[in-house]
Amino acid sequence: VPHMGARVYFATQCTAGAYDHNQYLALKLLGKTLKYTTDMSGSGCGCNAALYLVSMQQNSNPSNCHDYYCDANSVCGVACAEI
């Protein structure tokens, strides 16, 4: 998808050239804390950097983004829970 130039997914394993929703990592965050640091010093004006926690492993519907991406806004045509 041209307007989404970069994405990163966490997985438990990887099959080259194929997306399998069962391989996406499902974090168990209930009662836990997630901390991360991002270096934005090289980002240009208008850069949109965001972290979305979505349930891609539970989504068995391939999206319009040619993977199993889903979110609360159905950005790629599939809706799912989002934190």
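The second largest pocket has a volume of about 150 Å³, a pocket being an open set of points on a 1 Å grid over the protein atoms alone, where a 1.4 Å probe fits, with protein on both sides within 12 Å along at least five of seven lines. The volume is the space filled by probe spheres set on the points, which are joined across faces, edges and corners. This is a predicted model, in which local features need pLDDT of at least 70 and side-chain atom pairs count only at pLDDT 80 or more, whereas totals for chains, interfaces and linings use all residues. Residues are numbered from 1 along each chain as its sequence is written, and side-chain values use heavy atoms, with hydrogens and water left out.

**Pockets**

- The second largest pocket is lined by residues (those with an atom within 4 Å of a point) that include Tyr9, Cys14, Asp20 and Tyr24.
- By class, this lining of the second largest pocket has 7 nonpolar, 4 polar and 1 charged residues, where Ala, Val, Leu, Ile, Met, Phe, Trp, Tyr, Cys and Pro count as nonpolar, Asp, Glu, Lys and Arg as charged, and the others, Gly among them, as polar.
- The largest pocket holds about 1,100 Å³ of space, and of the 32 residues that line it, Val8, Leu51, Tyr52, Leu53 and Tyr69 are the closest to its centre.
- In the lining of the largest pocket there are 23 nonpolar, 6 polar and 3 charged residues.

**Aromatic rings**

- There are 2 aromatic pairs, counted where ring centres of Phe, Tyr and Trp (its six-membered ring) lie within 6.5 Å, with planes under 30 degrees apart called stacked, over 60 edge-to-face and the rest tilted.
- Tyr9 and Tyr19 pair edge-to-face, at 6.4 Å centre to centre and 85° between the planes, while Tyr9 and Tyr24 are also edge-to-face, at 5.5 Å and 75°.
- Tyr9, Tyr19 and Tyr24 form one aromatic cluster.
- Tyr24 counts as buried because its relative accessibility is 5%, the classes being buried under 20%, exposed over 50% and partly exposed in between, with a 1.4 Å probe and protein chains only.
- Tyr9, at 26% relative accessibility, counts as partly exposed, as does Tyr19 at 47%.

**Surface**

- Phe10 counts as exposed because its relative accessibility is 58%.
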